[in-house]
Amino acid sequence: MKSDGQVGRVRFAPARSLYIHVPFCRSRCRYCDFFSTVDRGGNRALVDATIQSTLARARKLAERFGCRAAGKESVAPGSAVADSRRTPHDRFILDTIFVGGGTPTRLAPDQLATLLSGIGKVTSGCMKEWTVEANPESLDETKLEIMARAGVTRLSIGAQSLDDRVLSLLGRPCDSAKVISALRMARARGFEVSADLMTAIPLPPEAMWRREEGADLWQRPVLRLVDQVRRLLDEGLEHVSIYDLIVEEGTAIAADIAGGRLEPAPEDHAADERAEAEAFLAGRGFRRYEISNYALPGHECLHNEAYWRMDSWIGAGPGAVSTIAVAGDGPSGALRISEWPDLEKRDLPGLEEWISLRDAAFETMMMAFRTARGLDLEIFSRRFGSAPEAFAGKTIGRWKERFRETDSRFLALDERGMDLSNLFLSECLLEMDGTQGEC
């Protein structure tokens, strides 16, 4: 159902998280199907215009859905007080900011400074965390200085692998030495640093996967995931993300697999690699706080937690998405705004769609069950008018052995359940489709 007839009657929970999408990259990775465009530095005018339209869009969304700062008070959107205090110079209370891509650090230094200073003019400075995604080959001392001066607190560095052969296969424009150099530069400047790694990498057929007799792990001629994790932790990192590579239709890697030039990893290979890496991380004090994320206590990504709780957030820039929850108690859906993934349409307002009660409930469950904390039963019941069992009680009952003991307010999958969460959520969705009418 389109939101046109709904929004005027709804009071929304203020958004205190902002995502900014920078769609420019040096080159396209061979596994990537996200919206991005290759920028070879030849069209500064297009990049400049995209930055300005993104900043303008961020302010418009903040004016509509943000939490205004009024001295030390927060003013909810839509109230008479907020309307009476509205000025072109309003700033908004933001707990977290995440600048992603694309490759934000691909921007020229002056363009990066313009983007970050523009974001700073939107917020009142009450942030808990400001993250910028960075690729190793585009990170240098100048850009680190720009980010530090702007107030950025955290860098998420796309390592993907510390094996040069794998980096080449993935189409990454750097080698492992550059990855380590970027991590060290960022750490030396005092940033909190996270790094991403991939597992389940397809390899050429001659690089055979095999189980040697008596061996517990698959053997292959590339650097083991656990050794890559060890090297990251030796550099002082407090946060590591590990993602299975998903082969998306239309990517270069998908074409290589179809043509027999690459061979997918065996089905249980990623699980073996991850289990070994997880045991090592646990031994170093890391906690798996979400399916793909591991951190020392106190170093979790706060911005991502806003997604996993299905709080309100706003997103600006080509391809960004906003999700705005409804304020107050009682059954309700949510508003989703999708920005155009098209640079030619960058100045157009996003497409608005009302998410039904059922779909909003499923998305809330889907995000929460990815986390070690699990689903907050009290908030869920207030937001949707019923306990999760009213939506997927039979599935929850069948999976009761895969729930761990936790605070009675939360329902959380255990470690094995998190690994099988896609199956669990698929069964929840099937049950909800069969028992819940459109709301």
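This is a predicted model: local features need pLDDT of at least 70, side-chain atom pairs count only at pLDDT 80 or more; totals for chains, interfaces and linings use all residues.
Residues are numbered from 1 along each chain as its sequence is written. Local features need pLDDT of at least 70 and side-chain atom pairs count only at pLDDT 80 or more, while totals for chains, interfaces and linings use all residues, and side-chain values use heavy atoms, with hydrogens and water left out.

The protein chain has 15 helices and 18 strands, taken as DSSP runs numbered from the N terminus (helices H or I, at least four residues; strands E, at least two). Of its 439 residues, 52% count as buried, meaning under 20% relative accessible area with a 1.4 Å probe, protein chains only.

Strand β15 (residues 334-338) pairs with β16 over five bridges, and Leu335 has Trp354 in β16 as its bridge partner.

As for the helices, the axes of α11 (residues 357-368) and α12 (residues 377-384) come within 11 Å and cross at roughly 170°. That makes α11 roughly antiparallel to α12, a label for angles over 145 degrees, with axes fitted to C-alpha atoms over the stretch in contact and angles running from 0 to 180 degrees between N-to-C directions. Leu357, Ala360, Ala361, Thr364 and Met365 in α11 meet Phe380, Arg383 and Phe384 in α12, where contact means heavy atoms within 4.5 Å.

Technical notes. Angles under 35 degrees count as roughly parallel, over 145 as roughly antiparallel, 65 to 115 as roughly perpendicular and the rest as oblique. Buried means under 20% relative accessible area, exposed over 50%, partly exposed in between (1.4 Å probe, protein chains only). Two strands pair if DSSP finds at least two bridges between them.
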